[in-house]
Amino acid sequence: MRFSPRAKGLLAALVTVTLWTSFIVIARASAQRTLTPLDITLLRIVGASLVLVPWGWWLVRRRRALLGASAPASSLAGISPLPLTTTALLGIFGGVLYAVLAYAGFFHAPATHAAVLMPGSLPLWTALLAVIVLHDRITPLRAAGLALIVAGDLLVGGRSLLAGFSGGDVWKGDVLFMLAAASWAAYSVQARRLAVDAVQATIAITAFALLVYAPVYGVLVALGTVSSHLGQAPWREILFQLVFQGGGSVVISGIAFTRMIQHYGPVRSTMITALVPGLSAIGAVLLLGEPLQWNLGAGLALVTTGILLGVLRKSPAPAALPPTSPKSAA
C-alpha cells in the first residue's frame, strides 16, 4: 500500500507528538521504579545504538564505496558519519548531557513541571543561543512569545524555588529540566551552524555517547562512585527502557520528526509540537495522578501561547534540515 505525501506527513506528526508526550510521562513513571537516572541513560544509549551504530557503519562504508577518497570525513572507527570534532561537540550536548540532566530531573519533580519547563523553555534557550552563535535577529513578535515563555516558567519554577527554603527539593528537578532544555538547545544551534543532516547527527551523538558514556559509567559503578540498580531491576523493566527510550525516543522519534519537517516545514512543525506541553500535563494528571495546580495551568497556557507566537511569522527556508527533537535524543 502506498501512502500519499499528506498521509505520510500526518502520520509523522502523530508519531512525533505521541512519542514526545509519552517520553515525559514514562520518564516520570520510570523514576518511581527501580532504575537510577544513570541506568536509564545507559539503556537509552544502548537501545538506540543497536539500531544506529550499524546504520552509521553501513552509511560510512557506502559513501566510501561511492565517493572513494572524496567521501566526507567520518570518526569513531567509522561508525559516526561526521568528523570527530563535530561528533564530540554534538555528542556532549545532545547525546550525554541532555539525557543525564533530563532523567535526573524526573527523580525530583513531577511530569507536569517537565511538560512546561522542558519543551516550553527550549524555544527560549534556542533563540538566545541563536542570537549569540548564529547572529539571528529576534523579531518583536518572537520577543513577545519569549516573554510569555519566561513568565510561564517563572510561574511553575518560582514556586518550587521558594518551597526549597522550607526543605522541598522539587526545585532541583525544575533546574535540571531547564538545564536539559538548554543542553538540547546548544546541540540544535550547533547542528544548525554546522549544517549537519538530521539523521547523521542522531547517529553521531549516539555513537559518541556509546563510546564515551558507557565506559565511564562502567568504571564509576565498578569503583563504587555511583550506584547501579540494573542488577535489581526486573528484566521486563530493562527491556522496556531499551525499546522505548532507545528505539522509540531516539530512533523512531528522530525519523518521524525529520519526515514531519520535510512535509510541513519548520514553522508549521513547531506549531504542531506546541501541543506537547499540554498533552504531557494532561497525561501526567490522568495517568500518574499528579495535581494540576493553578500556577501549573497558568504557566502551561503562557508557555504554549509563547511558543505559538514565536513561530507565527514568515521565515526563509533553512539551509539544512533541523536536527531531531530533545525527546528523540528523548
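Helices α2 and α3 lie oblique to each other. Select them both and turn the view until you can look along one and then the other. What you have open is a predicted model, and in it these two helices pack at an angle of about 135 degrees, with their axes 9 Å apart. The crossing of α2 past α3 is right-handed. To see what touches, show the side chains of P37, L38, I40, T41, R44 and I45 on α2, and of G95, Y98, A99, V100, Y103 and A104 on α3.

**Zoom out to the whole chain.** Colour by secondary structure and you will find ten helices and zero strands. Among the 330 residues of the protein chain, 49% count as buried. Now colour by confidence: the average pLDDT is 86, and 89% of the residues score at least 70. Residues 314-322 are a stretch to treat with care, with pLDDT below 50 and eleven contacts in the model beyond near neighbours in sequence. Where pLDDT is low, the predicted coordinates should not be read in detail.

Select residues 170-193 for helix α6; its axis and that of α3 come within 8 Å and cross at roughly 160 degrees. These two helices are therefore roughly antiparallel, and α3 passes α6 in a left-handed crossing. On the α3 side the contact includes L89, L90, F93 and F106. Facing them on α6, look for residues including L176, F177, W184 and Y187.

**Step into the core.** Next, display L90, F106 and M118, which have the most contacts inside the largest nonpolar core, a set of 58 residues. Helix α4, residues 111-134, gives this core its largest share, nine residues. For a second stop, show L42, V53, L76 and Y217, which belong to a separate core of eleven residues. In soluble globular proteins, nonpolar side chains tend to be buried together.

Centre on F106 for a closer look. Which residues is it in contact with, leaving aside neighbours within four places in sequence? They are F23, I24, A27, R28, A31, A111, A114, M118 and F177.

**Visit two loops.** Most residues other than glycine have a negative phi, and most peptide bonds are trans. With that in mind, select A77, in the loop between α2 (37-67) and α3 (84-106). A77 is not a glycine, yet its phi is positive, about 60 degrees. Is A77 buried or exposed? Its relative accessibility is 74%, so A77 counts as exposed.

Then move to H135, in the loop between α4 and α5 (140-163). H135 also has a positive phi of about 60 degrees without being a glycine. With 66% relative accessibility, H135 counts as exposed because it is over the 50% mark.

**Finish on α10.** Select residues 294-311 and pick out A298, which is found in this helix. At 26% relative accessibility, A298 counts as partly exposed.

Methods
Residues are numbered from 1 along each chain as its sequence is written. This is a predicted model: local features need pLDDT of at least 70, side-chain atom pairs count only at pLDDT 80 or more; totals for chains, interfaces and linings use all residues. Side-chain values use heavy atoms; hydrogens and water are left out. pLDDT is the predictor's confidence in each residue, from 0 to 100. Contact means heavy atoms within 4.5 Å. A nonpolar core is a set of buried Ala, Val, Leu, Ile, Met, Phe, Trp, Tyr and Cys residues joined through side-chain atoms within 4.5 Å. Buried means under 20% relative accessible area, exposed over 50%, partly exposed in between (1.4 Å probe, protein chains only). Helices (H or I, at least four residues) and strands (E, at least two) are DSSP runs, numbered from the N terminus. Axes are lines fitted to C-alpha atoms, for helices over the stretch in contact, and angles run from 0 to 180 degrees between N-to-C directions. Angles under 35 degrees count as roughly parallel, over 145 as roughly antiparallel, 65 to 115 as roughly perpendicular and the rest as oblique. A crossing is left-handed if the near helix is turned anticlockwise from the far one by less than a right angle, and right-handed if clockwise.
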